[in-house]
Amino acid sequence: RESVMDDGRLRTRIGLQSESFPDHPGTGIWEATWWSISTIISGGCENKAPIGVAGRLIAVVWMLGGIGLTSCITATLASAMINTLVSDIHGISDLKGQTIATVTGSSTETFLKTQGFTPKGAIDLNGAIERLLTGGAKAVVYDGPMLRYYLSNHAESPLQVSGDLFEKQNYGFALQLSSPLRKHI
């Protein structure tokens, strides 16, 4: 603060840095806004900087807020982009009334029938996926490891595994105790 005489009255000026941030509210707000935007966008405004402790604390809070705001905007945009890539199939109930392809004679076919579906069978996974790609099915339901293996070998495929696991199944391989494959498997 500094005291000045104006028209015979003593006035107290609040500004510590009136050449950079003028005392007049309208001009001061404009200059503070310019400094804030410059700080957020470019990391600083070379010709203006707060000198007082309170001004610097406010500047630090403002800069951290700017980083937080930028992070929120980035996260929101990334989330919006990812949501366009995510399937509308989250669980088996999302497939009600849809045509589903699977492998004929598999435990998946049995599971789908017990759930009230009438799956379109194919001789193998490639046939079921071909049905999906040609529009003959909304989804292929089959063993998760097999679907992921197919997609890992067909990187160009526009397909993706989506939704939650419908039914957990355990696998086992029967081998003789003396089989040389036992430890390898």
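## A buried glutamate

E109 is buried, at a relative accessible area of 12%. In this predicted model, E109 belongs to helix 3. That helix covers residues 107-114.

Burial here follows from a cut-off: a residue counts as buried under 20% relative accessible area. E109 has 12%, so E109 falls on the buried side.

How many salt bridges does the structure hold? The count is 1.

How are E109 and K113 placed in helix 3? They lie 4 residues apart, which means about one helical turn separates them.

## Strand 3 and its two faces

Strand 3 spans residues 100-103. I100 and T102 point one way from this strand. A101 and V103 point the other way. Are these four side chains buried or exposed? All are buried.

## Partners of strand 3

Strand 3 pairs with strand 4, which is made of residues 120-122. The two run in the parallel sense, and 3 bridges link them. Which residue of strand 4 is the bridge partner of V103? That residue is A122.

Strand 5, residues 139-140, is also joined to strand 3. Here there are 2 bridges, and the strands run parallel. Opposite I100 stands A139 of strand 5.

## A β-α-β unit

Strand 3, helix 3 and strand 4 together make a β-α-β unit. Its handedness is right-handed.

Now to the surface. V60, M63, L64 and I67 form a nonpolar patch there. Together they have about 370 Å² of accessible area.

L64 sits in helix 2, which runs over residues 53-85. Why does L64 count as exposed? Its relative accessibility is 55%, and exposed means over 50%. E109, by contrast, is buried at 12%.

Conventions: Residues are numbered from 1 along each chain as its sequence is written. This is a predicted model: local features need pLDDT of at least 70, side-chain atom pairs count only at pLDDT 80 or more; totals for chains, interfaces and linings use all residues. Side-chain values use heavy atoms; hydrogens and water are left out. A salt bridge is a side-chain nitrogen of Lys or Arg within 4 Å of a carboxyl oxygen of Asp or Glu. Buried means under 20% relative accessible area, exposed over 50%, partly exposed in between (1.4 Å probe, protein chains only). Two strands pair if DSSP finds at least two bridges between them. A crossover is right-handed if, with the strands pointing away from the viewer, the path from the first strand over the helix to the second runs clockwise. Patches are made of residues with over 30% relative accessible area and no salt bridge: like charges are joined within 9 Å, nonpolar side chains (Val, Leu, Ile, Met, Phe, Trp, Tyr) within 5 Å. Accessible areas come from the Shrake-Rupley method with a 1.4 Å probe; for residues, only the protein chains shown count as cover.
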